[in-house]
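Hi,

Here is the structure I promised to pass on.

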Amino acid sequence: MVFFPEEEKIDLASNKVGRQTLRLDSRPAIIAAASIVGPKEGEGPLKEYYDVVLQDDYFGEKSWEKAESKILRETAKLAVRKAGLKPGDIDYMLGGDLLNQIISASFAARELKIPFFGLYGACSTMAESLALGSILIDGQYADYVVAVTSSHFSSAERQFRYPLEHGNQRPPTSQWTVTGSGAMIVAAQGKGPRITHVTPGRVIDLGIKDANNMGAAMAPATADTIVTHFRDTGFSQRDYDVIATGDLGKIGKDITQEIVFREGYDISAVYTDCGIEVYSDDQDVNSGGSGCGCSAVVTCGYFYSRMLRGEIKRMLLVATGALLSPVSTQQGETIPGIAHAVAIESTFKGE
Amino acid sequence: MDNQMKQRYSDYVKQKQPKPALIKNLLWAFVVGGLICDVGQMIVNTAASFGYDREEAFAVGAVMMIFLGALLTGLGIYDQIGKRAGAGSIVPITGFANSIVSPAMEYKREGYVLGVAAKMFVLAGPVLVYGIAASVIIGFLYGIFS
């Protein structure tokens, strides 16, 4: 029995494009961005783009977890200040991190007293928070939101791998968790690069079990999101100056590029990965950087500055997450991946 | 179909992965592991020259090596050695000390009872459990057959 025949179905989601992309007609603006990084990242090739480079990765705190929460909190505050606002002006804070029960973000929100949406998207949180924040703005539910995320090498090591002083060997596919945080203020009005489209990703798992090879675990989801974004919007690599994935590292980037190529798009000319950008080869990080902070600091520091200067006109941020937990790894589960894409357009030449 | 795809992807990833530098890693493990044993032997010989008998000298050697492993861990040197030497510095008794001291340091923030004491054996625990279990079984077999 069919109560609602197919032809009577009314598509109310008029801002949805294709399979899973959202078009943001009001084009919310990223009016400010801030980044704080640890000492190792401060020695990396992008050092001049960060707002603050910490000398001490404890940040004056007694534990790595407290330090990470403080980094996130200070980054959010800095972004708010750079936007010429006060924390009380921000309608919602959207954020998350890698620690159990996302304590870095929620403890920071405790201090900031901004209404808080806690998110977990593993290392894809920068794009996830930015995407949801801009949807809130576009839906006229907020004037200002802050999207923020963080990671800390030492707190992540201890949660996901070994104690710091343990003398183990890292395989060449392993990645180095970025110590740092990035925050963006998204606003309904104001100057700054604008968010035009959002493509939330699907969770995809092609059976990789090796927690030391997360790039390969996330690559299929990343390629899926990029190709879906292209098909939904009709865009291609020709519409972007930069396509930046979150933290795939060298191996994951290679695989993603190849899968996307097989689907008919050669993105190699504009494609880069934040995990590769954030460190130089001599920093002993094997396959590259990782962590929520990876795409966050590279986007909020490096790419945002370049967009403001007009060096990048359109970019697709595709932050990537490996949705594993220490428990799932021990129980022999495979690693599901996810990637969220946010299309950002610079308003440099003629609004 | 799904499993086939996963298998194909896994094969593809394997072929993409850089191989660990096998020769270099083996050399590091051999040299560092050998050096650690040399140090141990030197301590045993020195102890013997002070008049300890064979068994006592080995006990002195083991205690000293555990101390050195713990000290180097505390100074933040052992993980630097382990990064290069791999099993060369994990297998000797100094590595065992490292696997106990490193979590003890790491979990100090969670307190001395539920942090240090509870987490101290998080890495070494399995070695102790199966090591002791194996030695009991071997002991029984020895008792029966000798």
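A question to start you off: which residue is the bridge partner of A:Gly95 in E6(A)? Before the answer, some housekeeping. This is a predicted model, where local features need pLDDT of at least 70 and side-chain atom pairs count only at pLDDT 80 or more, while totals for chains, interfaces and linings use all residues. Residues are numbered from 1 along each chain as its sequence is written, with chains lettered from A and ligands numbered from 1 in the order in which they are written.

The partner is A:Gly118. Strand E6 (residues 116-118) of chain A runs parallel to E5(A), joined by 3 bridges; strands pair here if DSSP finds at least two bridges between them. E5(A) also runs parallel to strand E7 (residues 144-151) of chain A, this time through 6 bridges, and A:Leu94 sits opposite A:Ala147 there.

E5 itself (residues 92-97) has 6 of its 6 residues buried, meaning 20 or more other C-beta atoms within 10 Å of a residue's own, with C-beta atoms placed from the backbone. Both faces are covered: A:Tyr92, A:Leu94 and A:Gly96 on one side, A:Met93, A:Gly95 and A:Asp97 on the other.

Zooming out, chain A has 10 helices and 15 strands, which are DSSP runs numbered from the N terminus (helices H or I, at least four residues; strands E, at least two). Its radius of gyration (over C-alpha atoms) is 19 Å, close to the 20 Å from the globule rule (2.2 Å times the number of residues to the power 0.38) for 351 residues, so chain A is as compact as a globular protein of that length. Of those 351 residues, 58% are buried.

Lastly, the contact between the chains takes 22 residues from chain A and 28 residues from chain B, where residues are in contact if their C-beta atoms, placed from the backbone, lie within 7 Å. On the chain A side, H7(A) gives the most, with 3 residues.

Cheers

Terms used:
Contact = placed C-beta atoms within 7 Å. Buried ≥ 20, exposed ≤ 12 C-beta atoms within 10 Å, placed from the backbone.
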